[in-house]
Amino acid sequence: MFGGLATVPSNSPHLRKSGSRPVVSDLGISDNENGAEEGFLNLTVANDMKGGSMPISTAAIMPSPALLWRFKVLLFFVWGFICCKIGWDSVMRMSVDLRDLFLYEAFLYYNPLLLVTMMVWFWGINLWVFAQANVNYAKIFDLDQNHLTHREIWKCATWMTIVVPTSMTAYLYLYSHGEVSLAASQPVLLYAAVAMILIFPFDIFYLSSRFYLLRTLWRIVLPLQAISFSDFFLADILTSMSKVLSDLERSVCRMVHRQVATIAWFEADSVCGSHSVAIPLVLVLPYLFRLFQCLRQYKDTGEKTSLLNALKYSTAVPVIYLSALKYHVFPEKWTNFYRPLWLLSGVLNSLYSFYWDVTRDWDLSAFTRIFKFSKAHPLSNLIHGRKWVYFWVISSNLILRCTWTYKLSSHLRHNYLTVFAITALEIFRRFQWVFFRVENEWNKMNSKSNIQLSMSDTANEEERLLVSNGHNV
């Protein structure tokens, strides 16, 4: 019975898989054929069981995603400890009189990228909250379907967090061990790599997102077209990072003039020194960009609020200009005349900016819905509908607006650790600002959509009534 090949009819009910349509069998099939079919079925089931067991065993060998995540976190902390240990030992090898100057130069090269990394982490958190609260940020910023999500933003921030401190650790180690030329190459290679990644023309490293960023920066520098929300949104963020841009300029200046890992920090009046006129010029650029945007918006819309907004950004110019005068006038004249003007202009800029944040950029007429997540989450329960959130945001915004004047003052930048901390706090203030600013824009877009929908419904109802009465429209 099993000695030869059995012919199995295609309409045999034994070959029907579970869930498929029933197959009508041929009533003329003999018992021998039925037996052959049963043997074939048993062989097929045995093979299926063997084939099905392999993926199960392979899946059992693979670790769980939670275990992999914990392992990555462990490696991250081990790497951080190693970098801190090597960096600390390298600094301690330096003589006491050169140690502070050595750290000052190291901070000059690496603090801009560290602060940019911090901003990227915060932006990922912003996008995560928007996604949880069903805020269509892609529509607000006019993003395409290939835009980066919060997970991809965090992935970029993770790599930045690894690469920048590693390069800084290598710089400290090589310089303290006498390898000055190799140490000088570390920030140069890092800056060159960042520039290459940004302008790389091939479809890798999120080409569409990089192009969107570069295009928006170009529109900010040359506001020759109508200003979109993403244009002035990014320009506002750049005002919070004006110190970062200033340090980037000085770092690139020293790289171009081959002053990296040299004693050029002693020469305050050199082309890349702390008294350079390029410092206030770069500090004021983001505010001028934003000023020109407001003027362009007034030209397009005729709204007088755009002129008041332009006035707000113009108040930052005296703060930066008067601070820079300290190195170009006599000390007595600075103390008796220019310093009081600097303090007055700083207070005016801080209070005006705070007023604009609360009354114009934000909508605090009702409890914010930005933290009302679509699914239950501890963070939503902690923040949504809580009065302390508003007290915290308003008070911290006022305090950090006032301390931000310290950062804009180039004559105070020698206190590099203090300036770094204040800049980091300003980035945190901007991170808070983003939530309420984006929600305000989202509410405006929804209001416009509701008004247009209501007008459309009214027009349709009028047309229906006219048609029902026999009128021609």
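1. Disulfide count. A search of the whole structure, a predicted model, turns up one disulfide (a pair of cysteine sulfur atoms within 2.5 Å). Cys253 and Cys272 form this link, with S to S 1.9 Å. The angle about the S-S bond is -75°, and the link is left-handed. The pair ties distant parts of the chain, 19 residues apart: Cys253 sits in helix H9 (residues 242-256), Cys272 in the loop between H9 and helix H10 (278-301). Helices here are DSSP runs (H or I, at least four residues), numbered from the N terminus.

2. Buried means under 20% relative accessible area, exposed over 50%, and partly exposed in between (1.4 Å probe, protein chains only). Cys253 is buried at 11%. Cys272 is buried at 1%. Cys84 is in no disulfide; its nearest cysteine sulfur belongs to Cys83, 7.0 Å away. Cys84 counts as exposed, at 56%. Cys294 is buried, at 0%.

3. Basis of the model. Residues are numbered from 1 along each chain as its sequence is written, and side-chain values use heavy atoms, with hydrogens and water left out. In this predicted model, local features need pLDDT of at least 70 and side-chain atom pairs count only at pLDDT 80 or more, while totals for chains, interfaces and linings use all residues.

4. Second largest pocket. A pocket is an open set of points on a 1 Å grid over the protein atoms alone, where a 1.4 Å probe fits, with protein on both sides within 12 Å along at least five of seven lines; lining residues have an atom within 4 Å of a point. The second largest pocket holds about 700 Å³ of space. Its lining has 17 residues, and Trp69, Lys72, Trp154, Lys155 and Thr158 lie nearest the centre. Helices H2 (65-93), H3 (96-132) and H5 (150-176) each give two or more residues to the lining. H2 gives the most, with eight residues.

5. Largest nonpolar core. A nonpolar core is a set of buried Ala, Val, Leu, Ile, Met, Phe, Trp, Tyr and Cys residues joined through side-chain atoms within 4.5 Å. The largest has 41 residues; Phe130, Val135, Ile140, Phe141, Phe233, Phe435 and Val438 have the most contacts inside it. Helix H16 (416-468) is among the elements giving two or more residues. H16 supplies the largest share of this core, ten residues.

6. Around Val135. Contact means heavy atoms within 4.5 Å. Neighbours within four places in sequence aside, Val135 is in contact with Phe130, Ile140, Ile370, Val438 and Trp442. Another core, of 21 residues, lies apart from the largest one and includes Leu108, Tyr109, Tyr191 and Met255.

How values were computed: Grid points are joined across faces, edges and corners, and a volume is the space filled by probe spheres set on the points.
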